[in-house]
Amino acid sequence: MRLRSRSTVIATSLALTLAAGPLVAPAFAAPATVTARTTKPVPDPGALEAALAGLPDADATAALVRVGGTDGTWRGSAGVHDLASGRAADPNARFRAGSTTKVVTAATVLKLAAEGRVDLDTPVQHYLPGLLTPAFKPISVRQLLNHTSGIKAGDGWGDAFADQYAHRFDTITPEQVVASAVAKGPEFDPGDQQDYLNINYTILGMLIEKVTGHSYEHEAYRLVLRPAGMHHTCFPGSDPVLHGPHNHGYQLVKDADGTTRFVDVSDWNQADRWAAGDMISTTADLERLITALFQGRIVPEPQLQEMFTVPANITGATYSAGLQRFEYEKTVYWLKSGARYGYSTAIAATQNLSRTLVYSVGSTDAKGESANPVAQRIVMAALKQQPER
């Protein structure tokens with residue numbers, strides 16, 4: 001079977017060394033100092049500090065990093081809280097976590113499956129009758145989880161930053177997103193291909209609400225966030241304000257006359273992303289999430305194995321339930337990235353938790369086609385295996 005995926009798949013870009021230089025940007029004051037703390041020489045603290053050196057720059061205004069696991073821990077931050085004041089970035093700041101929300105959504109569905117309230121092999125048409133038209137063949141819950149449903153993407157305000165920025169305080173409901181996707185008809189038969197799209201998790205959010213009779217947010221808190229100890233994570237819905245301590249996010253734009261400027265994009269209505277990407281979190285909370293999940297404290301066996309299983313019949317498939325398989329230096333990591341304007345985020349870990357990584361980078365082109373150079377340096381430094389001593 002053929003794999004169809006976006007050109008921005010994170011695992012592919014992480015494996016490459018970017019050759020492109022940074023975007024042209026206004027001059028900065030002296031870069032903020034890297035603040036770091038380590039408990040063991042593994043991972044390499046020097047490499048990690050070097051990965052964050054020089055911020056802010058044209059690619060990122062801040063970076064928050066937590067490396068953990070049985071091999072040792074490292075905590076670091078660099079850059080600025082905001083460009084106007086230039087004061088140091090808050091290492092405990094909240095940020096828009098983007099598609100790492102899908103990890104929470106997948107865990108919620110799998111927990112409901114463990115409780116016998118959801119059957120992963122049952123078609124979503126059974127749980128949400130009338131949502132899909134007869135043009136769609138039966139689509140199992142599992143096929144939504146691993147992006148093999150064949151449902152096309154829903155509509156938004158457009159692809160260009162200017163179009164989306166003009167509507168940043170407006171609301172598109174999840175119901176509108178799904179209706180626009182369904183109207184397009186299927187892209188392929190369920191299970192034939194893998195296409196990573198938000199629509200799958202938007203529908204899973206609806207399924208959670210239908211099965212439980214409670215809001216998606218309520219069930220995510222009850223089944224995942226609270227057991228994991230994620231006390232600084234929330235789902236803002238249509239509220240555009242990023243409440244609480246946070247570092248500002250910026251998009252670098254080029255005007256018609258060729259000049260470049262930073263646009264503050266911290267406040268933005270993300271309601272259309274909902275169960276696919278609406279979450280606000282911290283690096284500490286995301287580290288708690290990945291640790292609790294992989295320890296089996298959120299989703300029990302055998303449902304947990306869904307998070308470590310990619311479709312066997314699709315050549316090149318990398319997505320499981322909520323995560324993505326990524327191999328680096330002969331070690332397999334399970335990761336999830338997220339990107340909202342101003343913020344690029346990722347969580348990754350080996351299945352045995354020997355190494356974990358969480359970062360939030362104040363990317364100035366978070367929705368761009370290429371991986372952020374700062375984020376890529378962090379990944380390479382954090383996941384590099386140290387020689388035996």
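User: Is Thr100 buried or exposed?
Analyst: Thr100 has a relative accessible area of 0%, so it is buried; buried means under 20%, exposed over 50% and partly exposed in between, with a 1.4 Å probe and protein chains only. The model is predicted, so local features need pLDDT of at least 70 and side-chain atom pairs count only at pLDDT 80 or more, while totals for chains, interfaces and linings use all residues. Residues are numbered from 1 along each chain as its sequence is written, and side-chain values use heavy atoms, with hydrogens and water left out.

User: Where is Thr100 found, and with what is it in contact?
Analyst: Thr100 is found in the loop between strand E4 (95-98) and H3. Helices (H or I, at least four residues) and strands (E, at least two) are DSSP runs numbered from the N terminus. Leaving aside neighbours within four places in sequence, Thr100 is in contact (heavy atoms within 4.5 Å) with Met279, Leu286, Lys336, Ser337, Gly338, Thr345 and Ile347.

User: On to the helices. At what angle do H3 and H8 pack?
Analyst: Helix H3 (residues 101-114) packs against helix H8 (residues 199-212) at about 35°, and their axes are 10 Å apart. Axes are lines fitted to C-alpha atoms, for helices over the stretch in contact, and angles run from 0 to 180 degrees between N-to-C directions.

User: Which residues meet there?
Analyst: From H3, Lys102, Thr105, Ala106, Thr108, Val109 and Leu112 meet Tyr201, Leu204, Ile208 and Thr212 of H8. The contact divides into six nonpolar, three polar and one charged residue. Here Ala, Val, Leu, Ile, Met, Phe, Trp, Tyr, Cys and Pro count as nonpolar, Asp, Glu, Lys and Arg as charged, and the others, Gly among them, as polar.

User: And how do H8 and H9 pack?
Analyst: H8 and helix H9 (residues 216-228) pack at about 85°, with their axes 9 Å apart. That makes H8 roughly perpendicular to H9; angles of 65 to 115 degrees count as such, under 35 as roughly parallel, over 145 as roughly antiparallel and the rest as oblique. Gly205, Ile208, Glu209 and Thr212 in H8 meet Tyr216, Glu217 and Glu219 in H9, a contact with two nonpolar, two polar and three charged residues.

User: How many aromatic pairs are there?
Analyst: The structure holds 13 aromatic pairs. Rings of Phe, Tyr and Trp (its six-membered ring) pair if their centres lie within 6.5 Å; planes under 30 degrees apart count as stacked, over 60 as edge-to-face and the rest as tilted. Tyr216 and Phe235 are edge-to-face, because their ring centres are 5.4 Å apart and their planes at 70°.

User: Which parts does that pair tie together?
Analyst: Tyr216 lies in H9 and Phe235 in the loop between H9 and strand E5 (250-254), so the pair ties together parts 19 residues apart in sequence. Tyr216 and Phe235 are buried.

User: Which rings form a cluster?
Analyst: Phe161, Tyr165, Trp268 and Tyr341 are linked into a cluster by ring pairs.

User: Now the backbone. Where are there cis peptide bonds?
Analyst: One joins Leu55 and Pro56, with omega about 5°, and another joins Glu301 and Pro302, with omega about 0°. Pro56 lies in the loop between helix H2 (45-52) and strand E2 (60-68).

User: What is phi of Lys330?
Analyst: Phi of Lys330 is near 65°, a positive value in a residue other than glycine. Lys330 is exposed, with a relative accessible area of 80%.
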